[in-house]
Amino acid sequence: MRKRTLFRLAAGTVAAGAATLAYASLIERNMFTLRRYDVPVLPTDAEPLRVLHLSDLHMMPDQRRKQDWVASLAALDPDLVVVTGDNMAHPDAVPGVLRALQPLLDLPGAFVFGSNDYTGPVWKNPFTYFLPDREYTEGVSLPYEELRDVFTGAGWVDLNNARTTLKAGGREIELAGVDDPHIERDDWAAVAGPVSAGAALSIALAHSPEPAVLDQMAADGFGLLLAGHTHGGQVCVPGYGALVTNCGLPRSMARGLHRWPGSDSWLHVSAGLGTHPTAPVRFACPPEASVLTLIPR
């Protein structure tokens, strides 16, 4: 009787695990979700401005459902589109990325790259994400220059260690960004300095939301900080949240909108739209894009 009970418990556990894995890999990772946030960063009496924040597409060539969903976001008619990196997951992914983003390229836009724009993913033990000093391993080279040329050719601003102003929603926006801190390509010193007094709005971008970089952006007065990279934890525990962030950011900030500590800046971390190809699962953390409606303080 005892053996039979143990067998049933073991069988039930295996069945529950298999069902959870099937849900995470077949259903939730394709449950594309649009998040909406109001962010009080504009001057008094300013008209609202809508920013579409996309991140971590990790596009594979055949992911047409994801491509179609992203393309449909053009119907939102945002004032500004911001992409915070990790667009590709395969050497032949550029056509798929462009199929997704083409309807948005006519709008004002800005971007930074992530590590998986430069090199492809490699298989790794998922438990290594719990190791703070794990070694970064590069995969196959990806055609990031081709993607950059398409983005800039459409008029989008390349903010990889760069700073500029851009007109969107009828006003001047000051923008700055860094290349991916996760692989130590960031150089905030090259673009550092207080925001311009004449700018109606200031936004800073990074792929990986490393606190040391965010501190510098906030100290220079950028009102809105945008990042991705974390996948929101990708596999979360209901009622507990993300297990890891894969960077120095606290788990409580793995996704969503937060006031950056010790500053007047707001941080939005996108949970992203894709997954690592060798771990194509999401649990309690569906893929997402966000519309940030910027409103007066």
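## Aromatic pairs, a surface patch and cysteines

A search of the whole structure finds zero disulfides, a disulfide being a pair of cysteine sulfur atoms within 2.5 Å. The structure is a predicted model, in which local features need pLDDT of at least 70 and side-chain atom pairs count only at pLDDT 80 or more, while totals for chains, interfaces and linings use all residues. Residues are numbered from 1 along each chain as its sequence is written, and side-chain values use heavy atoms, with hydrogens and water left out.

The sulfur of cysteine 236 lies 4.2 Å from the closest cysteine sulfur, that of cysteine 285, which is too far for a bond. Cysteine 285 is likewise in no disulfide. Cysteine 236 is buried at 5% relative accessibility, and cysteine 285 is buried at 0%; buried means under 20% relative accessible area, exposed over 50%, and partly exposed in between (1.4 Å probe, protein chains only).

Aromatic rings form a further topic. Rings of Phe, Tyr and Trp (its six-membered ring) pair if their centres lie within 6.5 Å; planes under 30 degrees apart count as stacked, over 60 as edge-to-face and the rest as tilted. By this rule there are eight aromatic pairs. Phenylalanine 113 and tyrosine 144 have ring centres 6.4 Å apart and planes at 80 degrees, so this pair is edge-to-face. The pair links distant parts of the chain, 31 residues apart: phenylalanine 113 is in the loop between strand S4 (109–111) and helix H4 (115–118), and tyrosine 144 is in helix H5 (residues 144–153). Helices (H or I, at least four residues) and strands (E, at least two) are DSSP runs, numbered from the N terminus. Phenylalanine 151 and tryptophan 156 form a tilted pair, with 5.2 Å centre to centre and 40 degrees between the planes.

| Residue | Relative accessible area | Class |
|---|---|---|
| Phenylalanine 113 | 0% | buried |
| Tyrosine 144 | 25% | partly exposed |
| Phenylalanine 151 | 0% | buried |
| Tryptophan 156 | 3% | buried |

Ring pairs link Phe111, Phe113, Tyr118, Tyr144, Phe151 and Trp156 into a cluster. Over the ring of tyrosine 118 sits the charged end of arginine 185, 3.8 Å from the ring centre; the criterion is NZ of Lys or CZ of Arg within 6 Å of the ring centre and within 35 degrees of the ring normal.
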